[in-house]
Amino acid sequence: MTLVVLVSLCAVLTLSYANPLNHHNCKINGKTYKNGVIIRVPEIYCNTYKCVDGYPSLLEKGCDWEGECIPVKGTLVKNCKTYTCSKSTEGSSISLLEIDCDFKNKCTPVNGTLVEDCITYTCFLYENGDERIVNMSSTKIMCEDKDGICRNPGTEFKLVVNDKLSDNCTCEIKENSIDYKCNKDICRRRKKPSV
């Protein structure tokens, strides 16, 4: 039996080449694999091997990204960013494939919208050279009636104020607030979001 130990910056990979006459099995890190089996060794740079006639043959080298393995041509989504692993003559590399807005732990794609409390937020992408930045901004603000239905500013609706149902209520969007008026008196003021 031939024993080869490869040392890398991340880990030690022990490849044990079994005698080809001994069922053509391969041993990687003390584990035996049958001939023809595809073997993933994520702790060693996400490498993929194939057991060929008793010898582990390197098929593909994946990308190690913050402790997670991305196979070549595969993707990984982390913090609303999609990364991909590609292979070139220099080796494997990771690139940012797509970036979405992370808004209250929800990923929203670029140009996508999200409605919360009658406020529509849109995800925008800004590019500055090689840098890509996403930002959620409020793009439409509406008023919420007693039933939670979104109404356009200036329209009349019913609203519960101080545990009483009020008719003839409207709302007005101001610079820093949304003012609700019932019978022409301000009955509620809601601070505008600062997104």
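Which residue in E16 does Leu 114 stand opposite? Tyr 121.

1. Basis. This is a predicted model, where local features need pLDDT of at least 70, side-chain atom pairs count only at pLDDT 80 or more, and totals for chains, interfaces and linings use all residues. Numbering starts from 1 along each chain as its sequence is written, and side-chain values use heavy atoms, with hydrogens and water left out.

2. Open sheet. The order is E15-E16-E17, with antiparallel pairing. Strands are DSSP runs of E, at least two residues, numbered from the N terminus; two of them pair if DSSP finds at least two bridges between them. E15 (113-116) and E17 (131-141) are the edges; each has a single partner strand, so one side of each lacks a neighbour in the sheet. The twist averages 30 degrees from one strand to the next (axes are lines fitted to C-alpha atoms; angles run from 0 to 180 degrees between N-to-C directions). E15 pairs with E16 (residues 119-128) over 4 bridges.

3. Hairpin. E6 (residues 47-52) and E7 (residues 55-61) run antiparallel, joined by 6 bridges. Val 52 has Tyr 55 as its bridge partner. The turn holds 2 residues, and Asp 53 there has a positive phi of about 50 degrees.

4. Core. The largest nonpolar core has 17 residues. Such a core is a set of buried Ala, Val, Leu, Ile, Met, Phe, Trp, Tyr and Cys residues joined through side-chain atoms within 4.5 Å; buried means under 20% relative accessible area (1.4 Å probe, protein chains only). Cys 171 is among the residues with the most contacts inside this core. Beyond four places in sequence, Cys 171 touches residues including Cys 143, Phe 157 and Tyr 180 (contact: heavy atoms within 4.5 Å).

How values were computed. Buried < 20%, exposed > 50% of the residue type's maximum accessible area, 1.4 Å probe, protein only.
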